[in-house]
Amino acid sequence: MSQRHMLALFNNFEEAEAVVRELRGASIKGFNADSDMVVKSPIEHPEVEEFLGEKPVYVQWFTLGGALMGGLLGFFLISGAQANFFAQVKGGKPIVPFPPNFVLTYEMFILGGVFVSILGFLICAGLPAKRSPLYSAKVSEDQISILVKSDDSAAGELKAIFTKHQAVEIQEEAGK
Amino acid sequence: MKDINEDIAWAKINTDVLKSLENPRKLYWVILAVAIAMIAVAVGCETYQYQMGMGVANMNNPHVWGLYIATFIFWIGMSHSGTLLSAILHLMHADWRKPIYRFAEAMTTFSLMTAGLFVMVHLGRLWQFYYSLPYPNERGLWPNFQSPLLWDAMAIFTYLSSSILFLYVGMIPDLAICRDNIHSGWRKKLYTALSLGWEGTDRQWRNFRVTYLTIACFLIPLAVSVHSIVASDFAMSQQPGWHVTSFPPYFVAGALYSGCAAIITLFIILRYVFRFEEYMTLSILKKTVRLTFAISMVWTYLNAVEFASVWYSHDVASKAVLIQKATGTYAPFWWMMIFCGSVVPLILAFKRFQTNIPVLLAVSLLLNLGMWLERWMIVAPTYSHGYYPWTWDHDQWPSFVQWGIVFGSFGWFTLLFMLFCKIFPSVSMYEVKEMVYHRTLAKKNLGSAKGAH
């Protein structure tokens with residue numbers, strides 16, 4: 001069956017929330033509220049997570065991996081260079097001194113953490129992304145939008161729910 | 001007095017901030033022209049120094065570090081309050097920072113860029129700047145990984161790149177607003193490319209929040225480490241007056257102090273030039289002023305600690321440098337530093353001056369003059385009055401070349417900063433909306449106001 005995308009815009013966050021709750025509560029054939037619905041908003045609404053259901057974030061794992069990689073790379077880079085220093089007279093001092101090496105290791109730890117966090121953010125948030133055909137610039141101003149994907153058969157029911165909750169505009173993209 | 005008017009429409013926030021990208025007051029162009037003229041002076045001086053050698057800077061033995069290093073520390077310090085405002089206050093949920101943190105972050109980035117230039121200017125041989133980088137010894141340079149100078153290069157590179165990324169990531173939702181509202185020209189292409197296709201989906205916001213918080217957590221210890229390392233350039237040496245344990249916290253406090261003073265200056269300028277009176281409100285200015293006052297008192301205390309530890313250490317050479325600072329050739333500048341850094345900020349304790357814009361502009365400039373003098377008074381007196389009397393040189397004075405390059409660095413910073421504010425939104429639109437939203441919720445009953453834009 002062909003699929004249809006629909007975007008509904010709301011002036012009021014409360015209405016958008018009511019729509020999401022209704023869509024999640026209703027069992028509409030050809031529409032899965034968990035995977036086929038996206039909420040777009042001009043600001044970060046912490047409430048969105050409440051009514052969309054908690055979804056995991058994996059950026060922290062990238063951060064941890066990046067920081068550890070950065071720190072280890074830093075330490076071994078310096079130690080590797082210092083290991084050549086045995087050619088010099090060290091006067092009994094250690095070839096690889098830990099306290100001063102800690103500073104550069106620490107800087108590389110942070111550098112790795114920050115760079116890989118950004119990479120993780122881009123991957124997890126799906127960026128860079130092509131603009132979806134159903135998008136309204138009003139979302140970056142003051143309106144909330146709900147984008148749904150459904151079978152053609154479910155479109156009428158979804159549209160009715162949007163209209164019931166005073167959607168200010170409904171955009172449709174059919175036949176995919 | 002409110003931090004922001006809760007009744008402000010979200011569409012108006014977009015319109016007002018986007019207007020700043022196109023239509024500043026005439027003063028903007030005057031500032032830009034002055035900045036370019038200042039840069040021209042610096043370029044002239046640097047070209048002359050490059051052709052003639054470092055001798056024309058009047059840097060010699062014992063004065064091997066001159067105004068360049070003092071100004072380098074000044075610019076590194078200036079960068080710290082961007083991190084304070086955006087990262088520390090973000091973690092503390094101080095939402096009054098939201099309209100002003102963007103330009104503070106930009107200030108961080110550009111002051112670090114300016115500081116980096118001084119390393120090269122100080123080296124003299126610009127083509128060998130890579131001597132200062134921490135890379136292995138394939139080229140036979142044998143970099144000393146135990147030297148704070150080398151740590152400095154790495155710390156500044158980390159801080160600069162992390163600050164740029166922090167600034168950029170925080171700006172992505174606003175770049176999408178610019179993309180949606182500007183319909184043609186190079187700006188449209190720029191914002192489209194930089195916004196990375198941001199649409200404000202729940203998935204994007206969720207990951208954005210965690211990433212921003214994570215980088216903020218990294219930036220705070222990084223900022224502290226950067227200036228502690230700069231302090232180590234001095235404190236880990238055996239020079240009289242520098243070998244002081246309290247130097248790292250003293251440097252960090254000084255950095256936050258000069259940065260906060262610079263934020264006040266730039267706040268006042270941006271507020272007027274871009275007509276941001278509704279966003280950069282007097283209430284927020286008052287909070288920034290109080291923060292600056294608190295930090296000025298910390299700096300004053302640490303100054304006293306430094307003097308006391310030198311005095312009571314009974315280290316003859318260090319004590320002689322301290323006496324030399326207070327009574328010798330540099331005495332007028334040293335006392336000026338004390339006056340600007342510890343006495344002038346007392347004005348900020350008075351309520352009626354906390355929102356008096358002309359007074360605050362003058363005070364913030366004086367505070368930064370004091371903080372610049374502080375850095376100079378760390379570098380120069382120690383070199384002029386070292387351990388050995390035959391190395392004493394109390395009459396050394398930086399040449400016009402040094403002064404010209406230092407002067408031009410302010411133009412360079414101003415140029416970068418003002419261009420940034422004209423190309424990118426200097427007030428965070430989405431965060432101001434969040435601020436308005438949360439305050440509206442707080443003002444009304446949470447249940448009944450929920451969802452009202």
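Over which residues of chain B does pLDDT stay under 50? I looked this up and found residues 449-453 of chain B, for which the model has 15 contacts beyond four places in sequence. Here pLDDT is the predictor's confidence in each residue, from 0 to 100, and two residues are in contact if their C-beta atoms, placed from the backbone, lie within 7 Å.

I note that this is a predicted model, in which local features need pLDDT of at least 70, side-chain atom pairs count only at pLDDT 80 or more, and totals for chains, interfaces and linings use all residues. Residues are numbered from 1 along each chain as its sequence is written, while chains are lettered from A and ligands numbered from 1 in the order in which they are written.

I then checked the confidence values. Chain B has a mean pLDDT of 89, with 96% of its residues at 70 or more. The ipTM is 0.91 and the pTM is 0.91.

Next I examined the interface. On it, 49 residues of chain B are in contact with 55 residues of chain A. The largest share of the chain B side, 16 residues, comes from α8(B); helices are DSSP runs of H or I with at least four residues, and strands are runs of E with at least two, numbered from the N terminus.

Last, I turned to strand β1 (residues 3-10) of chain A. β1(A) pairs in the antiparallel sense with β3(A) (residues 144-151) over eight bridges and with β4(A) (residues 169-173) over five bridges; pairing requires at least two DSSP bridges between the strands. Gln3(A) stands opposite Asp151(A) in β3(A), and Met6(A) has Glu172(A) as its bridge partner in β4(A).
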